[in-house]
Amino acid sequence: MNQQNYQDAQVYIEKLRGFTAELAEVLGHTPKCFVLTFGCQQNEADSEKLAGMAQDMGYELCDDPADADLIAVNTCAIREHAEQKALSIVGQYKHLKAKKPSLIIAVCGCMVAQEHRREDIKHKYPYVDLTFGTASLHRFPELLWQKIARSRRIFCPEETEYIVAEGMPITRSSDYRAWVSIMYGCNNFCSYCIVPYVRGRERSRDKDEVIAEVRDLVARGYKDITLLGQNVNSYAKGKDYDFADLLSELDKIEGEYVLRFMTSHPKDASYKLIDVMASSKHIAHQFHLPLQSGSDSILKAMNRHYDKARYLDIVRYIREKMPDAALSSDIIVGFPGETDADFEDTMDILRTVRFDMLFSFIYSPRKGTPAAEKEQIDPKIKGERFDRLLALQHDIALEKNQPMVGKTIRVLCDGPSKNNPEIYSGREEGNKIVFFTATPEQVGKFVQVKIDRADAFALWGEIVN
Ligand code: 5AD
Ligand code: SF4
């Protein structure tokens with residue numbers, strides 16, 4: 001069954017509510033669900049829907065898997081490391097199931113959208129009850145009910161038809177920062193990337209649905225809203241409006257909030273989009289524009305459909321229209337065939353563009369993608385290049401952050417920092433992390449912080465009135 005809308009799941013939700021109510025009588029408390037997330041913001045957003053659906057089915061959310069009666073592990077497949085981490089955690093749940101045989105363990109998301117990983121789970125993790133991929137997210141209640149009613153393991157194959165499911169309940173993890181998915185899937189087939197295989201073809205949500213969701217968030221006091229899609233620049237392709245139109249519509253919503261988006265593909269980023277950002281009231285002057293490599297021949301082998309000149313032209317236009325824009329990027333080091341000269345091209349473009357933030361990755365072969373079939377680079381060389389790239393970016397980021405000292409900037413306060421509860425952390429418009437002293441009442445609010453120290457990764461300061 002392919003549900004177009006979460007309302008179609010109602011019949012299963014009713015059955016599950018009956019099931020959880022009975023279970024509650026046996027347990028003496030409401031059954032609990034633990035959701036664990038790996039991967040990107042899109043996965044975070046999907047997990048907020050898993051949590052919403054679990055509550056709808058009568059579960060209470062919990063933070064400790066040992067307390068749970070239902071565990072949902074939302075996995076990532078972007079690099080080998082992400083998959084290994086998820087598998088290792090799932091491995092640790094074996095003893096939880098041994099202690100509590102009624103525990104239901106679901107593994108979902110990108111990793112199990114791949115058949116070979118479903119097979120791994122089927123054979124090596126016999127205590128996992130249910131797997132389903134990202135395209136079946138809205139079928140969580142139906143699949144869980146199948147598992148319970150038939151009392152057998154369910155391995156949901158990939159959907160043959162990709163839909164935009166609306167109406168799923170969302171239990172947001174924050175009450176002032178929010179993710180809003182505007183499109184799903186990807187059509188680009190970059191030769192290194194697993195995403196098109198695990199998230200299916202591009203499909204966009206209706207503009208009115210997105211506007212209604214953002215309007216509601218702003219009305220509820222959300223301060224920082226990020227629009228999500230694998231390639232937001234191709235939002236609503238084939239319709240008579242585009243991503244820039246969506247942004248200018250959203251910007252009209254009255255209130256005190258910041259709007260961000262990710263991710264942009266350089267081949268589709270338009271001057272129109274940059275113009276809308278520059279003249280907007282709410283859109284952060286922040287651009288995450290994954291470059292991947294500074295070498296034209298590697299970009300071609302990656303199937304990226306842009307070259308260095310095109311990339312530099314977009315950067316030039318962004319800086320012309322928004323001189324204060326914070327620019328960030330993704331780089332892959334050690335793609336098959338990357339020569340020393342190709343790598344030097346990447347180093348050169350980093351020196352030219354001078355990104356505020358850089359997310360760098362060592363190439364990880366993904367089964368089923370074209371690049372995985374190519375001759376691979378020696379891991380030692382990959383490691384050396386990666387270290388050189390980090391060192392260069394460290395110096396650049398430090399130079400870019402230093403001039404912030406002495407300035408007073410608006411920061412959204414997130415609360416006590418991980419390492420020191422006395423020091424609070426927050427994010428400024430460019431999404432850089434800022435540390436300062438604050439009070440619990442200031443959490444979730446914008447504060448003005450005068451910066452007195454900066455390093456390559458963060459800024460420090462004090463709140464001023
Ligand atoms: N190996 C390493 N990094 C990858 N990315 C995507 N696929 C791979 C891979 N196979 C990186 C890209 C992308 C980011 C989200 O992850 O830089 O932009
Ligand atoms: Fe996100 Fe891609 Fe990882 Fe899926 S594979 S969770 S889309 S980063």
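What follows is a short exchange on a ligand shell, aromatic pairs and salt bridges in this predicted model.

Colleague: Which domains supply the shell around ligand 2?

Modeller: The shell includes Cys40, Cys76 and Cys110, as well as Val195, Arg199 and Gln230. By class it has 6 nonpolar, 2 polar and 1 charged residues. At least three residues come from each of two domains: domain 1 (3-155) and domain 2 (174-282).

Colleague: Arg199 is in that shell. Which side chain meets Arg199 in a salt bridge?

Modeller: Arg199 lies in helix α7 (residues 195-199), and its partner is in helix α2 (residues 41-56), 153 residues apart. Both partners are buried. The N to O distance is 3.2 Å, and the partner is Asp46.

Colleague: How many residues apart in sequence are Arg172 and Glu48?

Modeller: Their side chains meet in a salt bridge at 3.9 Å, N to O. Arg172 is in the loop between β6 (154-155) and β7 (177-181), and Glu48 is in helix α2, so the pair ties together parts separated in sequence by 124 residues.

Colleague: Are Glu338 and Arg385 buried or exposed?

Modeller: The two side chains form a salt bridge, 2.9 Å from N to O. Glu338 lies in the loop between β13 (326-333) and α13 (340-353), while Arg385 lies in helix α14 (residues 379-401). Both residues are buried.

Colleague: How many aromatic pairs are there?

Modeller: A pair needs ring centres within 6.5 Å. By this rule the count is 12.

Colleague: What kind of pair do Tyr125 and Tyr127 make?

Modeller: Both tyrosines are buried. Their ring centres are 6.3 Å apart. The planes stand at 70 degrees, and over 60 counts as one class. So the pair is edge-to-face.

Colleague: And what kind of pair do Tyr271 and Tyr317 make?

Modeller: Tyr271 is in helix α10 (residues 271-278) and Tyr317 in helix α12 (residues 308-321). Tyr271 is partly exposed at 36% relative accessible area, whereas Tyr317 is buried at 9%. The centres are 4.0 Å apart and the planes at 10 degrees, so the pair is stacked.

Colleague: Which ring does the charged end of Arg453 sit over?

Modeller: Lys207 has a contact of this kind, with its charged end over the ring of Tyr241, 4.7 Å from the centre. For Arg453, the distance to the ring centre is 4.0 Å, and the ring is that of Trp460.

Technical notes
Residues numbered from 1 in each chain as written. Chains lettered and ligands numbered in written order. Predicted model: local features only at pLDDT ≥ 70, side-chain atom pairs only at ≥ 80, totals over all residues. Heavy atoms only, no water. Near = heavy atom within 4 Å. Nonpolar A, V, L, I, M, F, W, Y, C, P; charged D, E, K, R; others polar. Domains from an automatic or database assignment. Phe/Tyr/Trp six-rings, centres within 6.5 Å; stacked < 30°, edge-to-face > 60°. Buried < 20%, exposed > 50% of the residue type's maximum accessible area, 1.4 Å probe, protein only. Helix = DSSP H or I, 4+ residues; strand = E, 2+ residues; numbered from the N terminus. Lys NZ or Arg CZ within 6 Å of the ring centre and 35° of its normal. Salt bridge = Lys/Arg side-chain N within 4 Å of Asp/Glu carboxyl O.
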